[in-house]
Amino acid sequence: MDGPLSNAQTRDVEALLHPYTNAVQHRKVGPHVIERGEGVYVFDDSGKRYIEGMAGLWCAGLGFGDSELIDAAKEQMGKLPYYHLFGGKSFEPAIELAEKIKELAPMPVSKVIYQSSGSEANDTQVKLAWYYNNARGKPEKKKIISRVRGYHGVTIVSGSLTGLPYNHKRFDLPVDRILHTGTPHFWREGRDGETEAEFSARLAAELDEMIIREGPDTVAAFIAEPVMGAGGVLVPPADYFPAIQAVLERHDVLCIDDEVICGFGRTGNWFGAETFGMKPTSISMAKQLTAAYAPLSAVAINQDMADAIEAQSGEVGTFGHGFTYGGHPLGCAVGVKTIEIYQRRDIVGHVRRMAPIFRAKLDALAAHPLVGEARASGLMGGLELSPDPAKKAAFCEPGKVGAYAADELLKRGVISRAIGDTLAFCPPMVITEAEIEELFAPVEGALDAAHAWAK
Ligand code: PLP
């Protein structure tokens, strides 16, 4: 990645605007071109092999090149490469996948509605909450509460739900009716002498105050990821969601569970809600729903919402929502095969078996002088870097040391992700013990290099 840009890099720089990339810097350094993948590895166009420690974007749960998934996709492409669900049309993979979701969901699900991305799923969630509250005669009950550092996507509404500054800055977001409450990150946000239980109770009390201040009749829903992924792999204390649930129930506020990362085994249960005691009224799913082999997302809703929405669609004359590619046959067929594989190969059990090994690797690195906190849930984890871990200090220029450490790791053949100064790891769920060893082997060296550079 040093030296003059290659032909592919030059063409990229001239033709593409990259997501989550500094475009000015990109023009100088060019892209890192990835050519192919195999198991937990990807290979770049120079032939160099990397262990994909982020499963792409927290999504390639079965790794790369799974022949069963490829065959399922080919078969569906040959049979029915496109169809839709508008106007009452249907096709078998869409029906079968919705049945599978109903069977596995951590709440009684009545109906499933498809989209293509996590952002569209969360946009749909907000529209459904509004539609539902209109249906039940509560037209003022429309505000949605999300959390600082939550990540829910980038469309106008899902980007507003996201609680990260760079998703709002100069995009004129958030839009109105979207509010943000506190982050359940005990290590950074907990007060001196406060226990995790007291911290959770304080956050629940803040939420309660916010709802009362806004007026419970104006608040429709609360949205949360069980573990905050793109906010920095923030694992909530055990008491957090039970305390939050009590507030939501008291004020008749829906609980939207964003399982886009945590869903389908990532935290060691089928859904993160089970790991953390969340009681959702609706769920967003994407990413590992298809092991990322095809774009697909889904929203699952409870009986109460489904009944109200169905009845209102009758009054209006149609349910006026849906995307051309929502529930694309390719995504649904791949989704059905993905879930069958998760079940047959006991991927959730595998995550549970690998999680202590993964966690031990992170915990061992917690002693490094650059590491403030090591955190993990299932097979997702993070190392929060700090210039003075004992004081939980933050770097004066946030993000620089994290990016440097991730670059050092990349040079050593590991793809991680720097989220500010947290180094995130979320490998394919099929990762073996030997591959976990390989993933973490170069981390200490990369941290040493970053530590020396930061001084
Ligand atoms: N929700 C969560 C929890 C996510 O992590 C993401 C993406 O990383 C999204 C929603 C948005 O998904 P997409 O990028 O498919 O729009």
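## Helices H16 and H18

The axes of helix H16 (residues 400–411) and helix H18 (residues 443–454) cross at roughly 140° and come within 8 Å of each other. This is a predicted model. Angles over 145 degrees would count as roughly antiparallel, and H16 and H18 are therefore oblique to each other. The crossing of H16 past H18 is right-handed.

On the H16 side, the contact is made by Val-401, Tyr-404, Ala-405, Glu-408 and Leu-409. These meet Val-443, Ala-446, Leu-447, Ala-449, Ala-450, Trp-453 and Ala-454 in H18. Sorted by class, the contact of H16 with H18 has 11 nonpolar residues, 1 charged residue and no polar ones.

## The ligand shell

There are 15 residues around the ligand, and Ser-117, Gly-118, Ser-119, Gly-153 and Val-260 come nearest. Helix H6 (residues 118–135) supplies the largest share of this shell, with 3 residues.

By class, the shell around the ligand has 7 polar, 6 nonpolar and 2 charged residues.

## Gln-245 in helix H11

Gln-245 is part of helix H11, which covers residues 240–250. The residue has 17 other C-beta atoms within 10 Å. A buried residue would have 20 or more, and an exposed one 12 or fewer, so Gln-245 is partly exposed.

Apart from neighbours within four places in sequence, Gln-245 is in contact with Cys-255 and Lys-279. Ala-230 lies 15 residues from Gln-245 along the chain, and the C-alpha atoms of the two are separated by 23 Å.

Notes:
Residues numbered from 1 in each chain as written. Predicted model: local features only at pLDDT ≥ 70, side-chain atom pairs only at ≥ 80, totals over all residues. Axes fitted to C-alpha atoms, helices over the stretch in contact; angles between N-to-C directions. Helix = DSSP H or I, 4+ residues; strand = E, 2+ residues; numbered from the N terminus. Parallel < 35°, antiparallel > 145°, perpendicular 65-115°, else oblique. Left-handed = near helix turned anticlockwise from the far one by under 90°. Contact = placed C-beta atoms within 7 Å. Nonpolar A, V, L, I, M, F, W, Y, C, P; charged D, E, K, R; others polar. Near = placed C-beta within 6 Å.
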